[in-house]
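Please read this briefing with the sequence and the 3D view side by side.

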Amino acid sequence: MSQKQTILKLDQLNKHYPVRGGLLKRVKNHVYAVNDISIDVDEGDSVGIVGESGCGKSTLGRTILRLEEPTSGEVWFKGENITHLNEKKLKQFKNDMQMIFQDPFASLDPRQRVGDTLEEPFVIHTNLTKKERKEKAIDLLNQVGLSETHYYKYPHQFSGGQRQRIGIARAIALNPEMIVCDEAVSALDVSVQAQVIQLLKDLQEEYDLTYLFISHDLGVVRHFCNKVLVMYLGHMVEWAPADELFDNPIHPYTEALLSAIPRPIPGRERNNIQLEGDLPSPTEPPTGCPFHTRCPLATNLCKEEKPEWKEISENHFVACHVKA
Ligand code: ADP
Ligand code: MG
């Protein structure tokens, strides 16, 4: 069997936003949005990135794609350190990595036909003629389950599911290798959601795509992803193959997230852990383990020392003083 290649490597990646204040607009503090993230993603993986709202999922996605400059740490893509590449060199990599958002139409001109929108990447990045670009756009529409008639329509004429198909068509236009889906199906009805997920899977099969699938919906992640990263206050707390994570969650925060899934997973005994208290502010993160202020198992050690990142079984990593 051939060894899978690492496509993305994150090494101690941090993103801290300065908070300015006072008359002189001096930096008073930082939002510690993403902290020390280190994972390897293999070609063809669908990596779920989960955690409560505000835990740094979108910032992580945007920092990987260099839509945000990392504060420190490194991003490696296809064996190359892209952390400090200049705009010109970064361009090729940016084509290889795309993002799909929850509302792909938020940024679109309502007066522009969808066909013209789909042609934009070819205008910017290729020398194709107008006729060739149109063929390409119609081809993209077909690939995402739409048809030529949609080429002539305007954004408001599309349903939620169709809009997301357009978002996907835009993302795959330049044959990317990796796509970050940021809550891409979260706003869709369950039946439409299932169809869009199936489309993402079909495209993955056809084009060997790698997905980073940001979602607060663990039910969808279980169905779609083969690996899962659990984040809390910008830190990684658990990282494992999806089956392993759902069957054998170790971190009390992961347990709490799983307890909150509306439709329980058949056959799984539940430890009903309720999260108490609010998410602490990422401008003043707790000392020690970031989760200790809400953890039912926290000890003095948890308040004082950040737990080490331990591999407790093959490819299953967790940061917890008590459970690992
Ligand atoms: P998630 O996607 O998991 O909901 P985000 O990555 O959007 O979380 O946000 C993580 C933290 O970073 C939040 O506290 C958010 O307010 C903060 N944040 C995000 N973007 C910025 C920004 N541009 N400037 C300052 N703080 C930001
Ligand atoms: Mg987000």
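Predicted model: local features only at pLDDT ≥ 70, side-chain atom pairs only at ≥ 80, totals over all residues.

Buried means under 20% relative accessible area, exposed means over 50%, and partly exposed is in between, with a 1.4 Å probe and protein chains only. Residues are numbered from 1 along each chain as its sequence is written, chains are lettered from A and ligands numbered from 1 in the order in which they are written, and side-chain values use heavy atoms, with hydrogens and water left out.

**The shell around ligand 1**

- A residue is near a molecule or strand if one of its heavy atoms lies within 4 Å of it. Ligand 1 is surrounded by Y17, V31, A33, E52, S53, G54, C55, G56, K57, S58, T59 and P282.
- For sorting these residues, Ala, Val, Leu, Ile, Met, Phe, Trp, Tyr, Cys and Pro count as nonpolar, Asp, Glu, Lys and Arg as charged, and the others, Gly among them, as polar. The shell then divides into five nonpolar, five polar and two charged residues.
- Helices (H or I, at least four residues) and strands (E, at least two) are DSSP runs, numbered from the N terminus. Strand 2 (26-42) and helix 1 (57-64) each supply at least two residues of the shell, and the largest share, three residues, comes from helix 1.

**Polar contacts with ligand 1**

- A polar contact is a pair of N or O atoms within 3.5 Å; within protein, one must be able to donate a hydrogen and the other to accept it, and residues adjacent in sequence count only if both atoms are side-chain atoms.
- A polar side-chain atom of S58 is 2.8 Å from an oxygen atom of ligand 1.
- The backbone also takes part: a backbone N or O atom of G56 is 3.1 Å from an oxygen atom of the ligand, and a polar backbone atom of C55 is 3.2 Å from an oxygen atom of the ligand.
- On its own, ligand 1 has 560 Å² of accessible area, of which the protein covers 62%. Accessible areas come from the Shrake-Rupley method with a 1.4 Å probe, and for residues only the protein chains shown count as cover.

- Is helix 1 mostly covered or mostly uncovered? Helix 1 is mostly covered, with six of its eight residues buried.
- The buried residues in helix 1 are K57, T59, L60, G61, T63 and I64.
- R66 lies in the loop between helix 1 and strand 4 (72-77), and R66 is buried at a relative accessible area of 8%.
- Most residues other than glycine have a negative phi. The phi of R66 is positive, near 60°.

**Nonpolar cores and F213**

- A nonpolar core is a set of buried Ala, Val, Leu, Ile, Met, Phe, Trp, Tyr and Cys residues joined through side-chain atoms within 4.5 Å.
- The largest nonpolar core has 56 residues, and I168 and F213 have the most contacts inside it.
- A second, separate core has 31 residues, including L8, L13, F77 and L229.
- F213 is in strand 8 and is buried, because its relative accessibility is 1%.
- Contact means heavy atoms within 4.5 Å. Apart from neighbours within four places in sequence, F213 is in contact with V47, G48, I49, C181, V185, L200, V220, V221, F224 and C225.
- F213 and V185 are 28 residues apart along the chain, and their C-alpha atoms are separated by 9.8 Å.

**S215**

- S215 sits in the loop between strand 8 (210-214) and helix 7 (218-224).
- A polar side-chain atom of S215 lies 2.9 Å from the backbone nitrogen of D217.
- Neighbours within four places aside, S215 is in contact with I49, V50, G51, K57, E183, S186 and V221.

**N35 and L233**

- N35 is in strand 2 and counts as buried, because its relative accessibility is 6%.
- The side chain of N35 reaches the backbone oxygen of L233 at 3.2 Å.
- L233 is in the loop between strand 9 (227-232) and strand 10 (235-241), and is buried at a relative accessible area of 3%.
- L233 has a positive phi of about 50°, although it is not a glycine.
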